[in-house]
Every structure is written in structure tokens, then in C-alpha cells.
Amino acid sequence: MSKKIRTEEVDRLFEAILCLEDSEECYSFFEDICTVNELLSMAQRLEVARMLRNHNTYLEIAEKTGASTATISRVNRSLNYGSDGYDMIFGRVGQKK
């Protein structure tokens, strides 16, 4: 990644997110900090990643989520060559159920 993301500002953002205690607090914070489209885009990418991990086809994913093939491909690239963030979350969410 060409942009430097490890900054003091990003550290403070992550500290703020980590202090949220429940879904309602998440809704309040993310509604204030993100536009509706930004929040929906992040949720869409997480759903695309979940569907890719469940071996859905690009066509199935595009039809269900409305994501473009470019978005699906970008998420797929992150799943295969990224920092394993999606898999970490999927493992933890699965443990909570």
C-alpha cells in the first residue's frame, strides 16, 4: 500500500473504536463519523468477503450485494494477499455464535 496508514490520527481512531461497548454505540459513532454511503460500502465489502469465503460466485455476490465486479475482485485480492483481517473477524464472530 502506497499510503501510510499508521499515523497518530489513525491510532486515535482505532482507540475510539475499541472503546465502543455495544452495537448501539457503534451505530451512534459510525453515523457521526461516516457518511451513509461510506458505512454501507464497508458493510458491503464485509458481506462480499463472507460470500467469497463461502465459495459464492462473483455473479451470485453481485446479484445479492449489488457490488461491482471490481469491488468483488478487490475484496478477493485482500482475502488472498492482504493482512488476514477479514479472516480474523470471521473467526471471532463465529466464536460468539
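Visitor: Where is aspartate 84 found?
Guide: Helices here are DSSP runs of H or I with at least four residues, strands are runs of E with at least two, and both are numbered from the N terminus. On that numbering, aspartate 84 sits in the loop between α5 and α6 (85-96).

Visitor: Which pLDDT do local features need in this model?
Guide: Residues are numbered from 1 along each chain as its sequence is written, and side-chain values use heavy atoms, with hydrogens and water left out. This is a predicted model, in which totals for chains, interfaces and linings use all residues, side-chain atom pairs count only at pLDDT 80 or more, and local features need pLDDT of at least 70.

Visitor: Back to aspartate 84: is it buried, exposed or partly exposed?
Guide: Buried means under 20% relative accessible area, exposed means over 50%, and partly exposed lies in between, using a 1.4 Å probe and protein chains only. Because its relative accessibility is 48%, aspartate 84 counts as partly exposed.

Visitor: What is the phi of aspartate 84?
Guide: Most residues other than glycine have a negative phi. Aspartate 84 is not a glycine, yet its phi is positive, at about 70°.

Visitor: And what is the phi of histidine 55?
Guide: Histidine 55 belongs to the loop between α3 and α4, and it is exposed because its relative accessible area is 71%. It too is a residue other than glycine with a positive phi, near 65°.

Visitor: At what angle do α3 and α5 pack?
Guide: Two packed helices are described by the angle between their axes and the distance between the axes. Axes are lines fitted to C-alpha atoms, for helices over the stretch in contact, and angles run from 0 to 180 degrees between N-to-C directions. Helix α3 (residues 36-53) and helix α5 (residues 69-81) have axes 9 Å apart, at an angle of about 65°.

Visitor: Which residues of α5 make the contact with α3?
Guide: Contact means heavy atoms within 4.5 Å. From α3 come Gln44, Arg45, Val48, Ala49, Leu52 and Arg53, and they meet α5 through Thr71, Ile72, Val75, Asn76, Leu79 and Asn80.

Visitor: Is threonine 71 buried or exposed?
Guide: Threonine 71 has its place in helix α5, and it touches Gln44 and Arg45, leaving aside residues up to four places away in sequence. Because its relative accessibility is 12%, threonine 71 counts as buried.

Visitor: Within what arc do the buried residues of α5 fall?
Guide: The buried residues in α5 are Thr71, Ile72, Val75 and Leu79. The arc is that of the directions from the helix axis to the C-beta atoms. Seen down the axis of α5, its buried residues line one face of the helix, because they fall within an arc of 100°.

Visitor: Which exposed residues are on the face of α5 turned away from its buried side?
Guide: α5 has 13 residues and reaches 18 Å from its first C-alpha to its last. Its face turned away from the buried side carries the exposed residues Thr69 and Tyr81.

Visitor: How far apart in space are arginine 6 and glutamine 44?
Guide: Arginine 6 lies in the segment before α1 (8-18), and it counts as exposed because its relative accessibility is 73%. Arginine 6 and glutamine 44 are 38 residues apart in sequence, and their C-alpha to C-alpha separation in space is 24 Å.

Key. Expected span 1.5 Å × (residues − 1).
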